[in-house]
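This report goes through a single protein chain and the ligand beside it. The sequence and structure come first, followed by the description.

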Amino acid sequence: MSPRNSFKLRIILLALASLITITSALSSESRDQQPLRSHEESKFSVGFSLQSSYGAAAVIFEGADGRLRTHTRVYEPGYMYQQVMAKLSLQSSQHIAPPYDDDGEFWADMPRRGARMALKTIGLPASYEVGVLAQAIKHLRSQLESDFSISISEAVFTSSHLLALYQDDLEDVAVDVGIKYVTPRYQFQPILWETAAAYAGYGFGICKHWRDEGRCWDEESTLPDTTVLGVHYSHNALTVSLAEVHTAFSTWEPNYRRTENFTLGSDAISGYSSPKDYWADVKGALLEIMDKYPLFNRPKTIIVTGDVVYGNFMNFLKETLNDYLGKLPPILSADAKVVSAMGAAEFMRRC
Ligand SMILES: *[C@@H]1O[C@H](CO)[C@@H](O)[C@H](O)[C@H]1NC(C)=O
């Protein structure tokens, strides 16, 4: 058999294998169907967020009386996931990806897209990274589905804003999980990053009367332009971005106003000979963008996300920013671990 034919045969076998998996999954699903519970009768909206070292999910239930109940879940997928996020934060992992600047990029990106398409066609994740990220979402999805007896078919996704994490990665995560990737309406950028999602999760940058489009536009036109310092601190990463925000949808945080450092998370401290050196590096990262662009607007609000947002770090953050800015702007950090997933769920509710 020629190598070409054996390759074809392998593809066919793979396709058959995935078909069998899919059919058996479908049949077990119908077998396990449970009687309707109260949750299934109320409307719900789901948001997922992929953070540096963990994934989070939020579901908002909307009762018949209009009352909202929000539940969240967190899942720590472990080492492989953290490695993937770290890799996607590196400049060396960057590549051409949609949205393109011109049609030259479109053609240049064709082979990469083709390869991803081929994998998806036979039921595999579009890339290794997509597969690892999708596992985290699958876990969160089953957790929500079993905890609340719901069946999730669509969601809004958000993630840490990493240099080499692209829109098609998130879309392909949704494909691999088997749920619809929903883009919030009015969104100018194709992807919803953590800072914007967290801002909305705290109730900022979104209108109150969203069911009435005209009223919503009016409300949003009166929202102030503001500058937000988005800080993410977890076991494996420290990221900082200086974002310009009008509505949450129009949040603008270009690459040059962000730092992503996967060697400055809280676990890294043990690798330093003295904690002082560690905190000096943390300080450097926190102030890097503001140092580089002294004439850029100073932050009016600070949003902190992540899973180590307490104790030493918070004290250090407050002290550092207070010294640097002369006063401490309001810090939003109450739901640090899950607030971006909550924002994504809120966007889903408004879709
Ligand atoms: C992360 O921080 C360390 C310590 O300040 C620094 O040496 C390293 O270059 C930084 N990495 C990136 C990717 O900025």
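## Val-245 and its surroundings

Val-245 touches Tyr-199, Pro-224, Asp-225, Thr-226, Val-228 and Thr-251, not counting residues up to four places away in sequence; contact means heavy atoms within 4.5 Å. The model is a predicted one, in which local features need pLDDT of at least 70 and side-chain atom pairs count only at pLDDT 80 or more, while totals for chains, interfaces and linings use all residues. Residues are numbered from 1 along each chain as its sequence is written, and side-chain values use heavy atoms, with hydrogens and water left out.

Val-245 lies in strand E7. Helices (H or I, at least four residues) and strands (E, at least two) are DSSP runs, numbered from the N terminus. With a relative accessible area of 3%, Val-245 is buried. Buried means under 20% relative accessible area, exposed over 50%, and partly exposed in between (1.4 Å probe, protein chains only). The C-alpha atoms of Val-245 and Tyr-199 are separated by 9.1 Å, and the two residues are 46 residues apart along the chain.

## Helix H8

Tyr-199 is one of the buried residues of H8. In helix H8 (residues 194–201), 8 of the 8 residues are buried, so the helix is largely enclosed by the rest of the structure. Besides Tyr-199, these buried residues include Glu-194 and Thr-195. The buried residues of H8 pack against E4, strand E6 (226–233), strand E7 (238–245), strand E9 (301–305) and helix H12 (339–349). Just after H8, Gly-203 has a positive phi of about 90 degrees.

## The chain as a whole

The chain has 12 helices and 10 strands. Of its 351 residues, 48% are buried. Among contacts with a separation of 6 or more, 71% are between residues 24 or more positions apart. The accessible surface of the chain comes to about 17500 Å², and 56% of this belongs to carbon and sulfur atoms. Accessible areas come from the Shrake-Rupley method with a 1.4 Å probe; for residues, only the protein chains shown count as cover.

## Nonpolar cores

In soluble globular proteins, nonpolar side chains tend to be buried together. A nonpolar core is here a set of buried Ala, Val, Leu, Ile, Met, Phe, Trp, Tyr and Cys residues joined through side-chain atoms within 4.5 Å. The largest such core has 40 residues, and Phe-48, Leu-50, Met-85, Leu-133, Leu-144, Phe-157 and Val-173 have the most contacts inside it. At least two residues of this core come from each of strand E1 (43–50), strand E2 (55–62), helix H3 (79–88), helix H6 (128–148), strand E4 (154–159) and helix H7 (167–177). H6 gives the most to this core, with 9 residues.

Leaving aside neighbours within four places in sequence, Leu-144 is in contact with Val-46, Phe-48, Ala-57, Val-59, Arg-73, Ser-149, Ile-150 and Ile-152. A second, separate core of 27 residues includes Leu-242, Tyr-278, Leu-287 and Val-304.

## Buried residues and backbone

| Residue | Location | Relative accessible area |
|---|---|---|
| Ala-56 | strand E2 | 0% |
| Ser-149 | loop between H6 and E4 | 10% |
| Thr-320 | helix H11 (residues 311–325) | 6% |

The C-alpha atoms of Ala-56 and Val-338 are separated by 5.8 Å, although these residues are 282 residues apart along the chain. Beyond four places in sequence, the contacts of Ala-56 include Gly-47, Leu-140 and Val-338.

Most residues other than glycine have a negative phi, and most peptide bonds are trans. Ser-149 is not a glycine, yet has a positive phi of about 50 degrees. The peptide bond from Pro-98 to Pro-99 is cis, with omega near 0 degrees. Pro-99 is found in the loop between H3 and helix H4 (103–108).

## The ligand

A polar side-chain atom of Asn-261 lies 2.3 Å from an oxygen atom of the ligand. The protein covers 42% of the 360 Å² of accessible area that the ligand has on its own.

Definitions and conventions. A polar contact is a pair of N or O atoms within 3.5 Å; within protein, one must be able to donate a hydrogen and the other to accept it, and residues adjacent in sequence count only if both atoms are side-chain atoms.
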